[in-house]
Every structure is written in structure tokens, then in C-alpha cells.
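Morning, everyone. Please have the sequence and the 3D view open, and follow along as I go.

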Amino acid sequence: MLENVVVVGAGVAGTRAAETLRHEGYDGALTIVGAERHAPYHRPPLSKKFLTGKVHRAGVDLAPQFDMDARVLRDASAVGLDMSSRSVHVRDDGQDLSLPFDGLVVASGAAPREWPGGPVPDGVLMLRTVDDCLAIRDRLGSRPRVVVVGGGFIGAEVAASCRSIGLDVVLIEKASGPLLAALGKELAPRWAELHRQHGVELRVGVGVEEFEGDGRVRGVRLTDGSRIPADLVVVGLGVTPATDWLDGSGLRVDDGVICDATGAAEGGDAVVAAGDVARWWHPLYERHLRTEHWDDAGRQGAAAARTLLAGPAGAETYDEVPYFWSDQYDVKLQMLGVPTDYDAIEIVEGDPEGWKFVAAYGRGGRTIAVLGTIPGRVYAYREAIEKRAEFPPSRPD
């Protein structure tokens, strides 16, 4: 019987875990450690409507679903985990605290990769938190020349958002095009063309040599020797799981906290992990996955809480098909499943040229993922993915 649960992380994974604990009947002590000073909020709008000002600050707050009756530490950082004494070491307002637990939820999320070249001039920013977004948004009113470094989803969405409010935008990507790693060589070029059609200048197959400026960024010099004028640079190089505080704890960490299919962390008793910090074993894909997607993080948080309450003997396997979406201009990309290591791809509905289509990814003759730009249509293929249907999948009625 649990009597004292600590949740490290106040994002969607930690919040849904805490809410689920209460909803499922846990009535013991509950402490939530949040690294930010803000109450929980939605991250997806930060690179989209909140960045452009279409959504106000209050519009991104994560509305509580249940009264959590919890002690909440905000702007506090977990700095260590001692499994022998079963306590989390926390730095809170200049004080060191030791939080004992008999159940622990690790939901500390991920941190953006820092620019590897050292200090950067003013005006070179990253986007991860609401404060990051506000700092970028404050500069957009002066109509800056924007350079986005990194063509993953954050970079592509920031480029689209800035272009949608009429700013000059250059998107730099070292690979041959944006979103290549996520979508594959067959479909990623469609999104490159989408950005070009909307006036974004794409510079691909090239990296950044340095940021130029006299204390404030004035330009970006590329590895091909060219220079791009810039008043604002947004760097999106991906994220790394926030696991430093787990060093020496005994939990198995390898690009995230390694978990079984129930969310139980390897190397710790009554410890679960969820969200961007966690790599769960997925029985459908027969591998550990760390998905970094909002929808998955919330569902994992709830599942991890149920695992904690059920204990090892009663915990249930979590095998939900991963899902994410990305809004760029007037196109909503939705992906159900994980296309990693696909060996076949086929358009199963519509036409990519008209931006109303569904594409299926296959591996070993089986359907593993479906991408769609027809809102909600990917859900019709959930059963095909769950049952490893023959590739290409039949079109659902």
C-alpha cells in the first residue's frame, strides 16, 4: 500500500499521473516537483498559435481534470535520487530538500540541445517553455528577419508560424530537407515544397559555422561560406531526456529511463517513468520507444500511475499506438504509429499533390504506421496497425 508518492515533473505526463492517482483512489501524501514557475500548460501551441498571438497566455493553461490535493513545488529542480533511502533530493528556492517516497513517478521531460559552439549573441533563442515563447514573441513585433536553425517539427512549425504573420524566414537544415528523419525521403519533400510555396527560403545540406553580431545577432554564416542576415534566430536541434539527476541512482538510463511495457522503470522498485524522459518497451514494435509527443506523454502518465497503484503483479501492458500531429500553414499532418525502419510506403487514399491524402508505411510486409492530411482519417487505420495487417492495408469503410 502506497502512502507517499512523489511525482517529478509538472508537464502533461506528471500532471496526468497525479490526477490518475487521485482518480483511482490513492489518498496518501502526494508531492509534485515542477521545474518551471508556471502551472501546467499545453506545449503544442508554443510553436503555433501562441507564438503568433492567436492564443493568449491563459489559453494554454492545462485545465485540471481532478482535484489533486497535492503539495506542489514550483520552480524547483530534482538534483538526485537515492534508492537506498528512497528519497528525491530537490533544490527549491535556494534550499536543499529530501523528499521521501514509497512510490515515484519520473516525468522530468526533456531539455533542448544547447548550441554546441558555445556562447551566442543576443537574439539567438530556443523554444521549449512558455517563457521561451514569450521571449521570442516579444521580438516578432519589430518585424525581424528570422532564421530558423533545424528542420525538425519545432523548426518547421516556427518557420511556418513566423511566415504566416508575414515575416521573412530562412530555414536551415543540415540534411537534404526538413522533416526527413520523421517522414522519410518519399514524403518529406512535400513539406519542403509547402514551405517554399509559402515563401520560406530553405537552405538544406548546409550547417551553421557561426552567428555574427556585435553582442546582438546580425547574421548567420554557413558552412558553405555564405551569410544570411538575421535579427532573430530560433535554434531547434531537438531535445535530450532530463536524466542527469538520476546519475548513480541505479535506474537504467539509455537515452531516457528504460521501462518495461507497463512503465515500470528498470532498476527501481515502485518507480515508473512517463513522457519525454521515458523509453517504454512497446510490444507492437518489439523495441523501446521514446516518442516525445504530447498525446503519448499524457496517456503514458495515466498508465504509469495505474502501474504504480497495481504493483508488479497487477500492472497491465500499455500498447496504445503512438500518435502525433503537426500544424503547418493550413495543413494538419497526423501520424498514427511509428514509421522507424520502414521498407515500403504507399499512398492509400487521395493525392499528395492536392494535400488530401493518406500514406501507409510498411516493414516486412506489415503495416506499421499511417500518415494523413485528411483530419482524423488516420484513426480508421488503427486496427490495421494494431493487428499488423498485411501491407498495404485495405482502405477502411
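First, a term: a helix here is a DSSP run of H or I with at least four residues, and helices are numbered from the N terminus. Keep in mind that this is a predicted model.

With that term in hand, go to A305. This residue sits in helix α7, which covers residues 294–314. Is A305 buried or exposed? Buried counts as under 20% relative accessible area. A305 comes out at 0%, so it is buried. What does A305 touch, leaving aside residues up to four places away in sequence? The answer is A17, T20 and L21.

Now look at the stretch those contacts come from. Helix α1 spans residues 12–23. Together with strands β1 and β2, helix α1 makes a β-α-β unit, and that unit is right-handed.

Next, the strands themselves. In general, strands of a sheet pair through backbone hydrogen bonds, either parallel or antiparallel. Strand β1 is residues 4–8, and it runs parallel to β2, with five bridges joining the two. Find V5: facing it in β2 is L30. Strand β2 also pairs with β3, residues 71–73. That pairing is parallel too, over three bridges. Here V33 has L73 in β3 as its bridge partner.

Why is strand β2 described as largely enclosed by the rest of the structure? Because four of its five residues, within 29–33, are buried.

On to another sheet. This one is open and has five strands, in the order β9-β16-β10-β11-β12, with parallel pairing. Which strands are at the edges? They are β9, at 124–126, and β12, at 201–204; each pairs on one side only. On average, neighbouring strands in this sheet are turned by 20° against each other, ignoring direction.

Strand β9 pairs with β16, residues 232–235, in the parallel sense, and three bridges connect them. L125 stands opposite V234 in β16. Helix α3, residues 130–140, packs on this sheet and touches both β9 and β16. The direction of α3 makes about 140° with that of β9.

An unreviewed UniProt entry places the feature "domain: Reductase C-terminal" at residues 323–394. That span is 50% strand and 7% helix, and its end C-alpha atoms lie 20 Å apart.

How values were computed
Residues are numbered from 1 along each chain as its sequence is written. This is a predicted model: local features need pLDDT of at least 70, side-chain atom pairs count only at pLDDT 80 or more; totals for chains, interfaces and linings use all residues. Side-chain values use heavy atoms; hydrogens and water are left out. Buried means under 20% relative accessible area, exposed over 50%, partly exposed in between (1.4 Å probe, protein chains only). Two strands pair if DSSP finds at least two bridges between them. A crossover is right-handed if, with the strands pointing away from the viewer, the path from the first strand over the helix to the second runs clockwise. Axes are lines fitted to C-alpha atoms, for helices over the stretch in contact, and angles run from 0 to 180 degrees between N-to-C directions. Contact means heavy atoms within 4.5 Å. UniProt positions are given in the numbering used here, feature names are shortened, and annotations may be inferred rather than shown by experiment.
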